[in-house]
Amino acid sequence: MKNNIATKIKLATCTMALPILLSTNIAFADNIEVTGLKQRAEILNITYAHISARALHLAAYYKIFDLIDEKGTYAQELAEKLKFHDTNLEGLLMVLANHGILEKSSDGKYSLNEKSKMLVSTAIGSLQPAVAKEYDNRRWSSIGRLDIAV
C-alpha cells in the first residue's frame, strides 16, 4: 500500500507543472523589450512561490535528501524506499531541480548540490529541521485563512 503522502504529491504535482513552466525561464530575462514581461515574471514567481516552498518542506520532512547517494539516485529508487508513488515523486524532484535545489543528470538521476547538502539531516548546521517544521499543516491552515484576519 502506498504511503498517503502520494496523494499529496499527486495533487501538488498537478498544480506545479504550469506555473513552473511559466515562471522559471522568464524570471531572469532582464533585457526583454516586451513591456512588462519582467514584472509579469516577478509577479508570477511570487504567486507560485508557495508551490516550490511546499515541495521543499515535504522533501525535508521526509528526509529525501538523506536518501540521495553521491552517484545520484533515480526517483523510482527513492519512491521504493519511501513507499511513495514514483511518478508523483518524480514531479516533486523535478520542481526541486528546476529551482536549483537538486541536480538532474541526463540519465534521470537526482543528486545533491551545495544547496541540498545543507538539507541532509546529519550535516553540520543542517537546515533540515527548520525547513521540515514548515511542513506542519497547522501553519499552512492559518496562512490559508488570512482572509479572516484582514
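A: Here's a walk along helix H5, with a bit of context first. Keep in mind that this is a predicted model. The protein has 9 helices and 2 strands, and from the N terminus on the order of elements is α-α-α-α-α-β-β-α-α-α-α. Buried residues account for 31% of its 150 residues.

Now to the helix. H5 covers residues 86-98, with Asp86 as part of it. With 13 residues, H5 reaches 18 Å from its first C-alpha to its last, close to the 18 Å you'd expect at 1.5 Å a residue.

Let's start with Asp86. It belongs to a patch of negative charge on the surface, together with Asp69, Glu70, Glu77 and Glu80. Asp86 has a relative accessible area of 31%, so it counts as partly exposed. To join a patch, a residue needs over 30% relative accessible area and no salt bridge.

What about the covered side of the story? The buried residues of H5 are Asn88, Leu89, Gly91, Leu92, Leu93, Val95 and Leu96. As background, an α-helix has 3.6 residues a turn, so residues three or four places apart point the same way. That's handy to have in mind when you look down the list of buried positions.

Terms used:
Residues numbered from 1 in each chain as written. Predicted model: local features only at pLDDT ≥ 70, side-chain atom pairs only at ≥ 80, totals over all residues. Heavy atoms only, no water. Patch = residues over 30% accessible without salt bridge, like charges linked within 9 Å, V, L, I, M, F, W, Y side chains within 5 Å. Areas by Shrake-Rupley, 256 points an atom, 1.4 Å probe, with all protein chains shown as cover. Salt bridge = Lys/Arg side-chain N within 4 Å of Asp/Glu carboxyl O. Lys, Arg positive; Asp, Glu negative; His and termini not counted. Charge placed at Lys NZ, Arg CZ, Asp CG, Glu CD. Helix = DSSP H or I, 4+ residues; strand = E, 2+ residues; numbered from the N terminus. Buried < 20%, exposed > 50% of the residue type's maximum accessible area, 1.4 Å probe, protein only. Expected span 1.5 Å × (residues − 1).
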